[in-house]
Amino acid sequence: MATKELPSAPAKPVDQQTKPLGQRLLEAGLISEDQLNLALREIKRLGIYLGEALVNLGFVTQEILTVYLAQTTKSEVVDLSTYFIKPEVLELVPYAVARRFPVLPLKLEGSLLTVALANTMDVVAVDTLERLTGHTLDVVSASSQNILDALDQHYARSGSIDDTIDQLLKQGLDNLGEEARAEAPMVRLCNQVITLAIKNRATDIHVEPDEKVLRIRMRIDGMLRQEVFMPKQLQLPVIARLKLMANLNVTEKRLPQDGHITFTVGHRTVDLRISTLPTSFGESVVMRILDKTSVKLELTELGFPDRDRATFESAIAKTHGILLVTGPTGSGKNTTLYTGLMLVNALERSIFTLEDPIEYEFPLVRQTQINPDVGMTFPVGLRALLRQDPDVIMVGEIRDQETAQLAVRAAFTGHLVLSTLHTNDAVGAIPRLLEMGIEPYILPSVMIGVIGQRLIRAICPECKEEREDAETILKGLKIPVPEGMVPRLWRGVGCGACGGTGYRGRLGIFEMFMMDERFHDPIARNLDVPKIHQLAKESGMQSMLEDGIHKALTGVTTVEEIIRVVHG
């Protein structure tokens with residue numbers, strides 16, 4: 001939904017700092033007087049700070065508040081998820097002290113210690129930390145919640161996983177099934193595994209029974225990575241504990257089960273969808289991590305090129321029609337739709353979503369969870385939703401003919417419909433919808449456009465280096481250098497921050513197929529996909545491969561990653 005623009009830094013930051021925070025935010029236009037008064041009443045009622053009250057009420061975001069406070073003190077705002085913090089740096093600030101302020105030590109260069117503070121104007125915190133560490137501080141800014149979350153991830157929680165495994169083995173393998181003796185270390189072990197996954201930005205945890213060991217792998221940046229080996233003797237109690245956390249039947253080992261775990265890390269809550277499956281060596285457990293706070297709903301963060309960003313914003317501004325995002329499972333389609341919803345003015349327009357599951361929660365948006373077990377399917381929900389006077393509808397996925405026809409009908413009757421579809425590219429959405437029974441003469445009149453996307457791994461910034469053989473590599477792969485670009489390539493050599501992979505984090509590569517009158521006759525005449533694709537290229541569509549090559553030549557990713565994702 002539409003958000004307020006952050007104003008530039010005040011001309012006289014010293015004068016500004018003497019005013020109460022509420023008055024400064026009011027003068028900056030970030031909140032209204034009514035919002036400030038309501039927040040002040042919440043402070044008296046709940047005994048909380050003003051910033052917390054404003055965020056809880058949805059008047060400002062943590063990010064806007066942090067950036068504004070940083071501007072008044074000329075501090076840099078940092079993204080803590082990009083930092084790999086060395087253990088010796090963490091040891092400089094005890095955990096209790098770090099939580100008290102809160103503060104996170106980031107790096108030590110000579111005698112200069114860089115720390116992230118929630119309140120960069122906290123003179124007591126700076127003085128205490130300089131005396132405690134013996135170093136001069138370079139203070140950068142991050143939100144209080146981000147710092148507390150990072151503290152829980154970076155500081156050891158009751159020792160390492162190996163220490164906990166050793167403790168479990170020492171207490172006697174024959175007694176692991178006795179809850180009274182095994183409960184505390186087993187609870188800690190499972191919590192440590194989940195915390196490690198969240199710290200590593202994993203999207204999935206695979207608990208895999210093998211013949212002689214229990215193996216735990218994590219999907220990080222789209223690739224499975226081996227993280228933990230456990231003795232076979234711990235298999236039954238570990239899986240039993242995970243099933244207990246998800247309220248599953250611990251004694252049922254012959255049938256698959258699905259459940260849900262709510263896990264708290266610092267001040268944030270992470271949801272895990274858990275699935276069990278009987279295998280020849282025991283039950284396999286896979287947990288999908290849904291970390292709502294890690295989603296960055298900004299087009300620049302997603303990797304949208306400037307031209308496509310402007311096109312996307314224009315498409316979202318329309319009052320009716322259907323806009324689709326296509327790609328395989330795990331390609332970030334929902335995140336793109338969520339980002340689109342952020343651009344809609346929710347105060348002036350009625351927004352509804354149908355999702356499976358709800359991955360991110362919005363203020364002022366009515367979100368509905370699909371639940372086929374009770375008959376709440378996408379078609380049932382969409383029919384009911386159309387009676388709720390919606391302006392904008394987000395349908396998590398068009399899976400069948402009935403949902404497709406209802407979505408097109410909603411778009412045809414004056415609603416903006418956002419949804420996803422499983423196709424290999426943007427143009428492939430046209431034949432897919434026609435297969436679902438959408439009439440060729442209707443589709444061009446309701447379709448706004450289709451976004452095709454994939455996720456690629458970004459080069460780790462900590463170990464990034466330029467390659468000397470760029471021209472040779474590009475010629476060998478038969479990749480043409482776009483006009484006006486220099487043939488330069490980079491790679492990550494591997495370090496502790498990226499687990500030796502050379503990559504850290506992901507972003508999208510995109511292609512945008514926007515519908516206009518040129519496509520009406522070809523689609524109505526049912527022309528084949530290659531001809532429509534050729535027409536789209538002539539209309540200016542940049543392919544995912546071309547977007548990826550541009551990102552490789554500007555040092556965002558590698559050409560090998562682009563080839564793997566696009567042609568793999």
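Q: Is Lys-478 buried or exposed?
A: Lys-478 is exposed, because its relative accessible area is 74% (over 50% is exposed, under 20% is buried and anything in between is partly exposed, with a 1.4 Å probe and protein chains only). The model is predicted, so local features need pLDDT of at least 70 and side-chain atom pairs pLDDT 80 or more, whereas totals for chains, interfaces and linings use all residues. Residues are numbered from 1 along each chain as its sequence is written, and side-chain values use heavy atoms, without hydrogens or water.

Q: Where is Lys-478 found?
A: Lys-478 is in the loop that links helix H20 (470-476) to strand S17 (490-492). Helices (H or I, at least four residues) and strands (E, at least two) are DSSP runs, numbered from the N terminus.

Q: What is the phi of Lys-478?
A: The phi of Lys-478 is positive, about 55°, although this residue is not a glycine. Most residues other than glycine have a negative phi.

Q: And what about the phi of Arg-201?
A: Arg-201, which is not a glycine, also has a positive phi, of about 65°. Arg-201 sits in the loop between helix H11 (179-199) and strand S4 (202-209). Its relative accessibility is 26%, so Arg-201 counts as partly exposed.

Q: Next topic: which peptide bond that ends at Pro-102 is cis?
A: The bond from Phe-101 to Pro-102 is cis, with omega near -20°. Pro-102 belongs to the loop between helix H7 (95-100) and strand S1 (103-109).

Q: What joins Asp-356 and Pro-357?
A: Asp-356 and Pro-357 are joined by a cis peptide bond, with omega about 0°. Pro-357 lies in the loop between strand S11 and strand S12 (366-369). Most peptide bonds are trans.

Q: How does S13 pair with S14?
A: S13 and S14 (residues 416-421) pair in the parallel sense, over four bridges. Val-392 has Leu-416 in S14 as its bridge partner. From S13 the chain passes through helix H17 (residues 401-412) to S14, a right-handed β-α-β crossover. Right-handed here means that, with the strands pointing away from the viewer, the path from the first strand over the helix to the second runs clockwise.

Q: Which residues of S13 are on each of its faces, and are they buried or exposed?
A: S13 (residues 392-395) has Val-392 and Met-394 on one side and Ile-393 and Val-395 on the other. All of these are buried, and both faces of S13 are therefore covered. In a regular strand the side chains alternate between the two faces of the sheet.

Q: Which residues of helix H16 are buried?
A: In H16 (residues 378-385), the buried residues are Phe-378, Pro-379, Gly-381, Leu-382 and Leu-385. Viewed down the axis of H16, these fall within an arc of 165°, so they line one face of the helix. The arc is that of the directions from the helix axis to the C-beta atoms.

Q: What covers the buried residues of H16?
A: The cover includes S11, S13 and H17.

Q: Elsewhere, what does S2 make with helix H8 and S3?
A: S2, H8 (residues 123-133) and S3 form a right-handed β-α-β unit. Six bridges join S2 (residues 112-117) to S3 (residues 136-141), and these strands run parallel. Val-115 has Val-139 in S3 as its bridge partner.

Q: Where does Ile-438 lie?
A: Ile-438 lies in the loop between helix H18 (429-435) and helix H19 (443-446). Its relative accessible area is 6%, so Ile-438 is buried.

Q: What does Ile-438 touch?
A: Leaving aside residues up to four places away in sequence, Ile-438 touches Ala-404, Gln-405, Val-408, Leu-433 and Leu-443. Contact means heavy atoms within 4.5 Å.

Q: Finally, how many helices and strands does the chain have?
A: The chain has 24 helices and 18 strands. Of its 568 residues, 48% count as buried. The C-alpha trace spans about 75 × 70 × 60 Å along its principal axes. Of the contacts with a separation of 6 or more, 64% are between residues 24 or more positions apart.

How values were computed
Pairing = 2+ DSSP bridges.
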